[in-house]
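Thanks for coming. I have one structure to go through today, so please look at the screen.

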Amino acid sequence: MFSFANPQYLYLLLLIPLFVGLMLLSRLMRRRSLARFGRPDEVQKLMPDVSAYKPWVKLGIEMLVLAMVVVVLARPRAGAVKTSSSLNGIEVMIAVDVSNSMKASSTDDPQGVSRLQQAKLILEKLIDRFNNDKVGLIVFAGNAYMQMPLTADAQSAKLFLNDISTNMAPTQGTAIGAAIGMAMKSFSHNSKAQKAIIVITDGENHEDDAVEAAAEARKAGVQVNVMGVGSTKGAPIPDGDGGYMRDDAGQVISTALNEDMAQKVADAGKGICLNGNDADAVEQLTEALSKLSKTGLAQVSYSKHDELFPIFAWIALVLIVAGTFVLDRKNQLLKKYNFFSKTTERKSNNESKK
């Protein structure tokens with residue numbers, strides 16, 4: 001079966017009759033211009049090296065090149081064969097903290113990169129490591145909110161990263177337990193699939209029993225990992241107007257990474273606890289997830305074709321090279337040969353004999 005992957009490009013073939021028409025118009029205008037200088041047959045004798053047919057030969061080659069290029073763009077294919085393959089991977093739900101404390105610096109420098117921005121950078125690197133895995137995204141503060149349901153297209157999660165902000169959660173707080181609970185409800189019913197939850201948070205002001213939620217997840221066979229972001233020394237929270245948030249007493253609010261709580265949640269979920277400031281944090285998390293056995297998550301069907309466009313690309317290249325040797329002037333090597341001299345001589349001899 002012969003088909004084109006991009007058949008819309010075939011409309012470019014309509015340029016060929018357009019260029020041929022322009023060539024005819026150009027030759028007609030040229031002939032009219034030469035007629036102003038005298039009789040065409042006499043004027044032609046003044047241009048002995050100009051070939052009458054080579055411009056058309058060159059145009060023909062150029063149009064063939066254009067046709068080949070158009071066919072290459074259209075990507076001709078043949079031999080379609082339907083096949084299918086199984087995607088083997090794990091299911092991962094990622095929960096990102098979007099509470100106000102995530103506005104604070106991720107380092108000891110109050111002017112450093114915010115914790116939420118660091119979380120996004122970590123997520124971007126992490127998503128690139130997922131191959132054939134199903135990934136979902138949850139944001140949480142005082143409550144949890146589904147951002148992206150579980151999907152086999154892990155790269156699509158990147159489309160949601162730029163939209164994540166602290167304004168997404170109307171209720172403030174750090175309900176890690178609610179996020180773990182929503183993640184548990186978001187997994188598929190495939191009992192054979194290995195599942196994991198990744199919580200990215202500073203652990204500040206946690207309100208529910210996150211440790212118990214992680215323990216319940218582990219009982220269901222789900223691994224819970226925690227990626228802590230922020231400094232343990234604490235940092236002020238920007239208020240968006242160039243200053244910092246203050247409490248009722250007018251004191252600047254300082255928020256620090258709660259490593260102890262993060263470690264307890266990870267231990268209860270039989271996962272690992274990492275600090276986002278570590279250079280190899282993403283590698284360590286990827287290694288931990290790789291220990292989970294991969295199972296068939298989905299069956300993907302697709303058509304396999306034999307690509308034919310390289311053939312037409314080579315033809316176009318050969319024609320381009322050949323076109324460089326075709327000039328508008330007569331061939332100087334053949335000019336000195338008169339292929340009709342013998343015939344002319346015989347005619348003269350016959351006429352003299354008569």
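I will cover the sheet, then the salt bridges.

This is a predicted model, where local features need pLDDT of at least 70, side-chain atom pairs count only at pLDDT 80 or more, and totals for chains, interfaces and linings use all residues. Residues are numbered from 1 along each chain as its sequence is written, and side-chain values use heavy atoms, with hydrogens and water left out.

The sheet is open, with 6 strands in the order S5-S4-S3-S6-S7-S10 and mixed pairing. Strands here are DSSP runs of E, at least two residues, and helices are runs of H or I, at least four, numbered from the N terminus. Two strands pair if DSSP finds at least two bridges between them. At the edges are S5 (144-151) and S10 (273-275), each pairing on one side only. S7 (residues 222-228) runs parallel to S10, joined by 3 bridges, and Met227 stands opposite Leu274 in S10.

Now the salt bridges, meaning a side-chain nitrogen of Lys or Arg within 4 Å of a carboxyl oxygen of Asp or Glu. The structure holds 7. One of them joins the side chains of Asp128 and Lys158 at 2.5 Å, N to O. Asp128 sits in the loop between H4 and S4 and Lys158 in helix H5 (residues 158-161), so this pair ties together parts 30 residues apart in sequence.

Glu283 and Arg129 also meet through their side chains, at 2.9 Å, N to O. Glu283 is in helix H9 (residues 281-290) and Arg129 in the loop between H4 and S4, 154 residues apart.
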